[in-house]
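Let's walk through this structure together, one region at a time. Keep the model in view as you read.

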Amino acid sequence: MRYLDEYRDGAAAQKMLRQIERVATRPWTIMEVCGSQTHAILKYGIDELLPPQITLIHGPGCPVCVTPVETVDQALVIASRDDVIFTSYGDMLRVPGSSKDLLSVKAEGGDVRMVYSPMDALKVARDNPGKRVVFFAIGFETTAPANAMAVVAAEREGLANFLMLTSHVLIPPAIQAIASSPENRVQGFLAPGHVCTVTGYAQYEPLAKKYRLPIVVTGFEPLDILHAIHMLVSQLEAGRHEVENQYSRSVTREGNRQAQALIDEVFEVADQRWRGIGVIPCSGLRLKGRYTKYDAARVFALEETASREASVCIAGLVLQGVRKPPECPAFGKECTPEHALGAPMVSSEGACAAYYLYARRAGTAR
Amino acid sequence: MTIFPECPIPLTEYPRVLLAHGGGGRLTQSLIEKMLEPSFDNPYLAPLHDGALISLDGTRLALSTDSYVVHPPFFPGGDIGRLAVFGTANDLAMCGARPLFLSCGLILEEGLPMDDLWRIVLSMKEAADEAGVQIVTGDSKVVERGKGDGVFINTSGVGAVLPGADIAPERVRPGDEIVLSGPLGLHGIAIMAMREGLSLEAEVRSDSAPVFPLVEALAQAGIEIHMLRDPTRGGLSSALNEIAKKSGAGIVIDEERLPVSPEVQGVCEMLGLDPLYVANEGNFVALVAEGQGKKAAELLRRFPLGSEAVLIGRVVDTHPGTVVMRTRIRGERIVDVMSGEQLPRIC
């Protein structure tokens, strides 16, 4: 397939690996922030192909995994209501709340529907004026513009039965939280290309400077990732700490101004709870001003439930890059994709799912 | 008073049947292995092949059944009627049997347009002729509106096992070569594209077709077939994992050799799906004796349906029960059974 096969070319990958081997003289620990990158790394076996002195650590960049259990519990309550059609991306349907997931609510009779975009949810709202249609609006800066657009469209059309349950998270504050943690062992970051397509990468520059950490913006194909690792290791070896853009076919320093304006119109920055990690200041987005009337949590006036996590699950540590999935005592035993204790085991971007799917053989996953 | 034994499915985890129990992945497997197989336990069922092998007065027969609940009922390249005929005929072919007779159970929902039903029936007739089978018995029921999805079809079939055929997981051994008879994902993507209203530049058509002539050609050419499986629900990954698990063999496949059309790949990239897990209806994998894979693939390529047949991998004596893929960039990774339904990713 044109424009894809080129980034999955075996010979080019081998060449890039040899270049990495040549440049890496010391051990380096690198975090790929984004869950899609984690999956690509394990799906193509990149972790096994890299020279042993390079350690990859998986970051918190799976929006499904970091959606707080409290919000998932709220979703379950809303989705169980007779007067609601609950719409969500497929990924969220299997994420466990305190006691069950959205697919279980569906099996019990709740009207839970999978959609591909908030615009699909808007259509459901138009087609079902007698019901309240709630869209589970989660994600990083990548999905925020489309969600904002859906709210603006609902406002323009006067669609009173459309609501959103939001859990938006932002990448730079998460990188800052990891970089400033006393437990941090990450020496350089691979930043997520999709997010930077929207935001640009200028906001990563103060982070690189403050924490003396090189950051390379990259994509999701094996050659993108290998190329970015080469760029990052070259910086580390040279003692540089800059933001570099490997993903220039999609990302500019300024990003997509129109998308940013749309986000600013509808959302405001707020403190945000990350599942397994806790509250990170100014790391989320919430509906603001006249758009708060679309906030499902507010409209349904949901009381705080006593949400709880499975005690044995170490998803929080996995998401912070402190531990790897196979180090969890429940990994592959009590916790599998069919019966997950933590969100990283069910999300298609989750690190635990990536290990379970692609690297479960003993000794294959470093 | 009858005392029922406790349900073997953990009710704390699964108090109700989920859609994923029918997705062809791990939950389907658990339903079969924990509930159905031990309850109906007998030597004919035990191999859990696509059909049961029965010997009557020295004649070896294969018996198979399947139900069809596809939505929408009409799709590019086929319809539920063709699927119901070819699906069961192909399951018989996977036992090395020539499909002969089918039964047909129709469950119709009140309100189904009569014209749709007529189209489906005609299509079944045409498909039966194409597959060389006769529909010799049947049943029809109508359920109230809202209690069905238009039309459900069950077909069961009987076939005569080819002379000398001995196709079973136990015959799989290291060195066996794995041939895939046609491209991946056409059926699943044709349905999904239609369901999701995707308008594609080039239409993806279901590969729904009878595969017995291809199996027969292999057998007639003296290819030693150890195992056959059609990668329907759950796709190629489930088919290979079932073979690996049942036979205890290790399987290695080569990503670069897998035939995936640009259209199928495109939809998969767009929706975040993996062609390895997408359903097929007109292809199969054949595990043949060492050294015969190339010849088998060449033979299959003489048929229009097998024109893209390719040797995709082999059986090894390392990593028993596991399927491993050599990736395009020459890494290695596990190919696991799907966990429930494939759900498109968020970003």
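Phe40(B) has a relative accessibility of 55%, so it counts as exposed; here buried means under 20% relative accessible area, exposed over 50%, and partly exposed in between, with a 1.4 Å probe and protein chains only. You will find Phe40(B) in helix α1 (residues 26-40) of chain B, where helices (H or I, at least four residues) and strands (E, at least two) are DSSP runs numbered from the N terminus. Together with Met35(B) and Leu36(B), Phe40(B) forms a nonpolar surface patch with about 270 Å² of accessible area. Patches are made of residues with over 30% relative accessible area and no salt bridge, joining like charges within 9 Å and nonpolar side chains (Val, Leu, Ile, Met, Phe, Trp, Tyr) within 5 Å. The areas come from the Shrake-Rupley method with a 1.4 Å probe, and for residues only the protein chains shown count as cover. A salt bridge is a side-chain nitrogen of Lys or Arg within 4 Å of a carboxyl oxygen of Asp or Glu.

A word on the basis of all this: the model is predicted, local features need pLDDT of at least 70, side-chain atom pairs count only at pLDDT 80 or more, and totals for chains, interfaces and linings use all residues. Residues are numbered from 1 along each chain as its sequence is written, chains are lettered from A and ligands numbered from 1 in the order in which they are written, and side-chain values use heavy atoms, leaving out hydrogens and water.

Stay with helix α1 of chain B for another residue, Gln29(B). Gln29(B) is buried, at 15% relative accessible area. Setting aside neighbours within four places in sequence, Gln29(B) is in contact (heavy atoms within 4.5 Å) with Glu242(B), Lys245(B) and Val337(B).

Now turn to chain A. Is helix α16 (residues 351-358) of chain A enclosed or open? Eight of its eight residues are buried, so the rest of the structure largely encloses α16(A). Among them are Cys352(A), Tyr355(A) and Tyr358(A). The buried residues of α16(A) pack against α2 (35-43), β2 (54-61) and α15 (315-319) of chain A, and also against α1 and β14 (332-334) of chain B.

Finally, visit Arg257(B), in the loop between β10 (250-254) and α7 (262-271) of chain B. Arg257(B) is partly exposed, with 40% relative accessible area. Its C-alpha atom is separated by 7.5 Å from that of Leu311(B), 54 residues apart along the chain. Not counting residues up to four places away in sequence, Arg257(B) touches Val310(B), Leu311(B) and Ile312(B).
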